[in-house]
Amino acid sequence: PLVLCDDNNSPDAVEVFDLTDAEADIRNNDNTTLISYYESQEDAEQGINPIADPSAYQSGSGSVWVRVAANTGNPNDTVCYQIVELELIVNPLPALGQNGIIAPNAYCEENTDGFHTFILNEHTPAILGENVDPEDYTIRFYLDQAALDAGTALPNQYTNQVQGHQVILVWVRHDATGCINTASLDLYVEEAATANPTTQVFDECDYDGTNDGIYEFDLTLAQAEVLGGQNPADYSVTYYRTEADAINDENQIPNPSAYTNDQSPVDETIWIRVTNITTISGCYDLTTVNLHVEIIPEPVIQGGIICVDYDTQEVLNPVVMDTGLDNTHTFVWYLNGQVIPGATEAVYVAEAVGSYSVEATNAAGCTSFPIDPVTVTQSGPA
């Protein structure tokens, strides 16, 4: 076969072949044979429509047919010939970056001086793509085209010579095909972003009336502390539900000032991304805040009838009111709207008639909503 790399107008997969490059192999040291080239086997068999200029034949991968005829020197002799298929192969160039554009190799540092020692081959995944085996390729880096022409490659540990931003050249060869491609690579050394830890507490009692662990938070309350002394005009603050989204800057929480958690259980981690928007590479840093919604207690009590000896007024059978909660809660009991002194347990034994109510507070400090009062009446023994 004749094999070329897709050097012209890549990636059109079409190149100009010199079909005569295969003649030496086809002749096999017989220089008397007559050779002609055809686009189809049928034309070759009939000896019609030969390729006009076999030394400049434009084609993609495919085949042409070569008619090899004996030359006896006598036009009256029967012409003996043989048809040979000649395969043409156009190999693609190594695909670099996205559509030939390699993502910048950027280093972000605080209070930068604009210089950094890059480990150039660490950028290989961005050069070749994530699903390519780098063992199949040879990669070299050059200062510019002149350095490439001179064969002067850069060392793998390279400190940029231009402050802040420098463009170098990447040379890539696919070792199996020998095809070579080059592309520019931007080196950036830029001012980092810092996402400071925050002391802002997002810990709420579920007082919105549903008591389901779903609550609306204003995440932007953390912004000033996360930014610290960084200028809000130069840095953006965005919020995400997962670390992967924060790293990839995808699926931002659209309205962080009114974010409703929708996870169960009621704890959730929010990722905060601070990005230096003045940088080309988008230097960023991440931090987190935790959301917690505390379910408020829901005590339930029932009234009843006290059995009283009318002669002695002795309470024979009191009404035991159980809130259904444990004693990790604190309780305030009410009789006719007044606090019952000393009544702080989950169960209260009522010996007086009247209207009873209770409120409970859990260990997180969340207090139940007022419950409807229950009534305790009295009756004498049968």
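Select Asn362 and Glu294 to begin: their side chains make a polar contact at 3.3 Å, a polar contact being a pair of N or O atoms within 3.5 Å in which, within protein, one must be able to donate a hydrogen and the other to accept it, and residues adjacent in sequence count only if both atoms are side-chain atoms. This is a predicted model, in which local features need pLDDT of at least 70 and side-chain atom pairs count only at pLDDT 80 or more, while totals for chains, interfaces and linings use all residues. Residues are numbered from 1 along each chain as its sequence is written, and side-chain values use heavy atoms, with hydrogens and water left out.

Asn362 is buried at a relative accessible area of 11%, where buried means under 20%, exposed over 50% and partly exposed in between (1.4 Å probe, protein chains only). Leaving aside neighbours within four places in sequence, Asn362 is in contact with Glu294, Ile295, Pro297 and His329, contact meaning heavy atoms within 4.5 Å.

Next, select strand β25, residues 354-361; helices (H or I, at least four residues) and strands (E, at least two) are DSSP runs, numbered from the N terminus. Six of the eight residues of β25 are buried, so the strand is largely enclosed by the rest of the structure. Strand β22 (residues 330-335) runs antiparallel to β25 and is joined to it by six bridges, with Glu359 as the bridge partner of Val332. Strand β26 (residues 374-379) also pairs with β25 in the antiparallel sense, over three bridges, and here Val374 is the bridge partner of Tyr356. Two strands pair if DSSP finds at least two bridges between them.

Rings of Phe, Tyr and Trp (its six-membered ring) pair if their centres lie within 6.5 Å, and planes under 30 degrees apart count as stacked, over 60 as edge-to-face and the rest as tilted. Tyr356 is buried with a relative accessible area of 0%, and Tyr348 is buried with 19%. Elsewhere, ring pairs link Phe202, Tyr215 and Phe217 into a cluster.

Now move to Leu219, which, with Ile270 and Val274, touches the most other members of the largest nonpolar core, a set of 21 residues. The elements giving two or more residues to this core are α5 (223-227), β15 (235-240), β17 (267-276) and β18 (284-294). Such a core is a set of buried Ala, Val, Leu, Ile, Met, Phe, Trp, Tyr and Cys residues joined through side-chain atoms within 4.5 Å.

For a charge over a ring, select Arg273 and Tyr284, where the charged end of Arg273 sits 3.8 Å from the ring centre; the criterion is NZ of Lys or CZ of Arg within 6 Å of the centre and within 35 degrees of the ring normal. Arg67 likewise lies over the face of Tyr81, at 3.9 Å from the ring centre.

Finish at Asn160, in the loop between β10 (157-159) and β11 (165-174), which counts as buried at 3% relative accessibility. The Asn160 side chain reaches the backbone oxygen of Gly114 at 2.9 Å, and one of its polar atoms lies 2.8 Å from the backbone nitrogen of His116.
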